[in-house]
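Thanks for coming. Please have a look at the structure on the screen, and I will go through a few of its parts in turn.

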Amino acid sequence: MAFLTHKTRSIPTHSQLKNRILTVQADNFEAVTLEVFHYQAEHNGLYAHFLDLLGRSPASVQSVADIPFLPISFFKNYDIQSGQDWTAEAIFSSSGTTGQTTSRHFVRSTDWYDQICLQAFAHFYGPVEQFAILALLPSYLERSDSSLVHMADQFIRQSKHSQSGFFLYNTGELREVLADCRRKDIPCILLGVSFALLDLAEENIRLPEEVVVMETGGMKGRRKEIIREELHKLLTKGFGQTHIHSEYGMTELLSQAYSKGKGIFHCPPSMRVLSRELGDPLSLEKPGRTGVLNIIDLANIDSCSFLATDDLGRVHEDGSFEVLGRLDNSDVRGCNLMVW
């Protein structure tokens with residue numbers, strides 16, 4: 001079936017939009033967001049068709065609150081691209097069990113993804129090159145299409161410290177590297193998936209507060225799923241840390257949010273999180289109330305920047321947010337308007 005498109009107001013070019021995204025700040029976020037919306041309403045056939053089926057004319061969208069968010073599950077069933085005159089340099093895929101349909105994110109430029117990742121990290125922690133990056137990512141590292149591994153690889157490449165690197169199940173070597181960083185007073189980030197960090201914490205490795213332990217989520221069937229609060233209790237006890245940091249990202253996003261403790265995430269300038277009502281996916285929830293998370297990721301200029309996730313959460317007045325869990329049966333949800 002052919003997708004319908006819309007002609008909109010005069011909007012910046014692709015190159016101009018990328019420059020605006022890189023320099024966006026709170027005072028012009030809404031203006032840049034509306035420019036990206038109108039660009040994608042015109043150049044993304046799938047999103048334009050979605051708007052048509054909702055009866056939402058692009059011309060009627062005058063504020064962020066008016067923007068419809070595309071169900072994130074569409075990344076499992078469609079090739080989502082804004083503009084059709086480019087070939088993806090990479091296709092990131094989500095992990096999944098055998099037989100499960102996974103999401104695919106077509107990335108027009110890996111340099112753009114690297115730029116966005118490094119900028120987001122620096123916004124919260126400073127230049128990545130000052131840290132030794134120790135990436136404990138078993139199961140992810142064994143895949144060639146993981147956006148998380150690509151990001152960690154870029155961080156490791158940018159680091160000026162030779163201790164930086166990937167670790168699979170060689171925790172003995174990891175412990176030696178951690179000790180070496182401590183002796184040489186090298187600031188260190190231990191970036192790991194949840195099940196691998198739990199395995200390591202159970203070895204009672206006491207880490208100094210200067211080491212940033214950052215979990216990226218992910219039990220991947222290796223352990224029982226637990227809420228983030230319980231995960232952090234186990235990690236703080238095992239490592240002797242006061243706070244556990246977190247990274248919030250996913251295959252369908254190019255930007256990442258970070259938490260420096262207590263599961264409270266903050267967004268980089270290119271990203272904003274809203275919540276929608278549980279009973280009405282087209283209505284936004286009030287700050288402080290539990291809803292389902294909608295994400296604006298302006299860096300997704302070449303796919304779709306407006307995604308309705310399956311994550312339950314709470315957004316606060318200052319724009320920070322918490323992730324409380326996931327909707328049940330999320331794989332069979334979504335907008336039935338798109339079935340034809």
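Phenylalanine 37 has 0% relative accessibility, so phenylalanine 37 counts as buried; buried means under 20% relative accessible area, exposed over 50%, and partly exposed in between, with a 1.4 Å probe and protein chains only. Tyrosine 47, at 1% relative accessibility, therefore counts as buried too. Before I go on, this is a predicted model: local features need pLDDT of at least 70, side-chain atom pairs count only at pLDDT 80 or more, and totals for chains, interfaces and linings use all residues. Residues are numbered from 1 along each chain as its sequence is written, and side-chain values use heavy atoms, with hydrogens and water left out.

Now the rings. A pair of aromatic rings is described by the distance of the centres and the angle of the planes. Rings of Phe, Tyr and Trp (its six-membered ring) pair if their centres lie within 6.5 Å; planes under 30 degrees apart count as stacked, over 60 as edge-to-face and the rest as tilted. By this rule there are 17 aromatic pairs. One of them joins phenylalanine 37 and tyrosine 47, edge-to-face, at 6.0 Å centre to centre and 85° between the planes. This pair links distant parts of the chain, 10 residues apart, with phenylalanine 37 in helix α2 and tyrosine 47 in helix α3 (residues 45-54). Helices here are DSSP runs of H or I with at least four residues, strands are runs of E with at least two, and both are numbered from the N terminus.

Phenylalanine 50 and phenylalanine 74 also form an edge-to-face pair, with 6.2 Å centre to centre and 85° between the planes. Phenylalanine 50 lies in helix α3 and phenylalanine 74 in the loop between β1 (70-71) and β2 (90-93), so this pair ties together parts 24 residues apart in sequence. Both phenylalanine 50 and phenylalanine 74 are buried. Which residues do ring pairs link into a cluster? They are Phe37, Tyr47, Phe50, Phe69, Phe74, Tyr78 and Phe306.

Next, aspartate 79, which is also found in the loop between β1 and β2. Its relative accessibility is 48%, so aspartate 79 counts as partly exposed. Leaving aside neighbours within four places in sequence, aspartate 79 is in contact with Arg104 and Phe106, where contact means heavy atoms within 4.5 Å.

On to helix packing. Helix α1 (residues 14-22) and helix α2 (residues 29-43) pack at an angle of about 150°, with their axes 10 Å apart. The axes are lines fitted to C-alpha atoms, for helices over the stretch in contact, and angles run from 0 to 180 degrees between N-to-C directions. So α1 and α2 are roughly antiparallel to each other; under 35 degrees counts as roughly parallel, over 145 as roughly antiparallel, 65 to 115 as roughly perpendicular and the rest as oblique. On the α1 side the contact is made by His14, Leu17, Arg20 and Ile21, and on the α2 side by Val32, Glu35, Val36 and Tyr39.

Last, helix α7 (residues 194-201), which is mostly covered, with 7 of its 8 residues buried. Its buried residues pack against β4 (132-136), α6 (171-183), β6 (188-192), β7 (211-215) and α8 (228-239). Leucine 235 is found in helix α8, and at 0% relative accessibility it therefore counts as buried. Beyond its neighbours within four places in sequence, leucine 235 is in contact with Leu197, Leu198, Ala201, Gly240 and Ile244.
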